[in-house]
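Reader: I would like to learn how to read a model of this kind, feature by feature. Could you give me the general idea each time, and then the case at hand?

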Amino acid sequence: MGKGKAKAKQVKGKLKETTGNVTGDRRMEAEGRAEKVTGKVQESAENAKKNLRGR
């Protein structure tokens with residue numbers, strides 16, 4: 001997965017989290033939080049790969 005897709009996952013997660021918060025849907029809020037964290041982890045992994053290749 002590329003860095004752009006990881007960022008998109010973070011944005012999608014944030015939207016879900018906010019929507020869940022506004023509507024009171026705790027499940028959607030939690031799913032959004034999880035998706036946002038997954039995107040951050042994937043982005044970190046991409047950065048790590050990039051750093052390793054650069055050496």
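Author: Let us begin with the packing of the helices, where axes are lines fitted to C-alpha atoms, for helices over the stretch in contact, and angles run from 0 to 180 degrees between N-to-C directions. Helices (H or I, at least four residues) and strands (E, at least two) are DSSP runs, numbered from the N terminus. Here helix α1, residues 3–23, packs against helix α2, residues 26–54, at an angle of about 160°, and their axes are 7 Å apart. This is a predicted model, in which local features need pLDDT of at least 70 and side-chain atom pairs count only at pLDDT 80 or more, whereas totals for chains, interfaces and linings use all residues. Residues are numbered from 1 along each chain as its sequence is written, and side-chain values use heavy atoms, with hydrogens and water left out.

Reader: How are α1 and α2 oriented to each other, and which hand does their crossing have?

Author: Angles under 35 degrees count as roughly parallel, over 145 as roughly antiparallel, 65 to 115 as roughly perpendicular and the rest as oblique. The two helices α1 and α2 are therefore roughly antiparallel to each other. As for the hand, a crossing is left-handed if the near helix is turned anticlockwise from the far one by less than a right angle, and right-handed if clockwise; that of α1 and α2 is left-handed.

Reader: What kinds of residues make up the contact of α1 with α2?

Author: For this sorting, Ala, Val, Leu, Ile, Met, Phe, Trp, Tyr, Cys and Pro count as nonpolar, Asp, Glu, Lys and Arg as charged, and the others, Gly among them, as polar. In the contact of α1 with α2 there are 16 charged residues, ten polar ones and two nonpolar ones.

Reader: How many salt bridges does the rule give?

Author: Side chains of opposite charge can pair when their charged atoms come close. The rule asks for a side-chain nitrogen of Lys or Arg within 4 Å of a carboxyl oxygen of Asp or Glu, and by it the count comes to ten salt bridges. One of them joins the side chains of Glu43 and Lys7, at 3.4 Å from N to O. Because Glu43 lies in helix α2 and Lys7 in helix α1, this pair ties together parts that are 36 residues apart in sequence.

Reader: Are Glu43 and Lys7 buried or partly exposed?

Author: Buried means under 20% relative accessible area, exposed over 50%, and partly exposed in between, with a 1.4 Å probe and protein chains only. Glu43, at 13% relative accessibility, counts as buried, while Lys7, with a relative accessible area of 42%, is partly exposed.

Reader: With which residues does Lys16 form salt bridges?

Author: Glu31 is one partner, and the closest N and O atoms of Glu31 and Lys16 are 3.8 Å apart. Glu31 belongs to helix α2 and Lys16 to helix α1, so this pair ties together parts that are 15 residues apart in sequence. Glu31 counts as partly exposed at 36% relative accessibility, and Lys16 counts as partly exposed at 26%. Glu35 also forms a salt bridge with Lys16, with the closest N and O atoms 3.3 Å apart; this pair links distant parts of the chain, Glu35 in helix α2 and Lys16 in helix α1, 19 residues apart. Glu35 is buried, with a relative accessible area of 13%. Salt bridges that share partners join Lys12, Lys16, Arg27, Glu31 and Glu35 into one network.

Reader: How should I describe the chain as a whole, and how many helices and strands are there?

Author: The chain has two helices and zero strands. Along the principal axes, its C-alpha atoms fill a box of roughly 50 × 15 × 10 Å, and buried residues make up 22% of the 55 residues.
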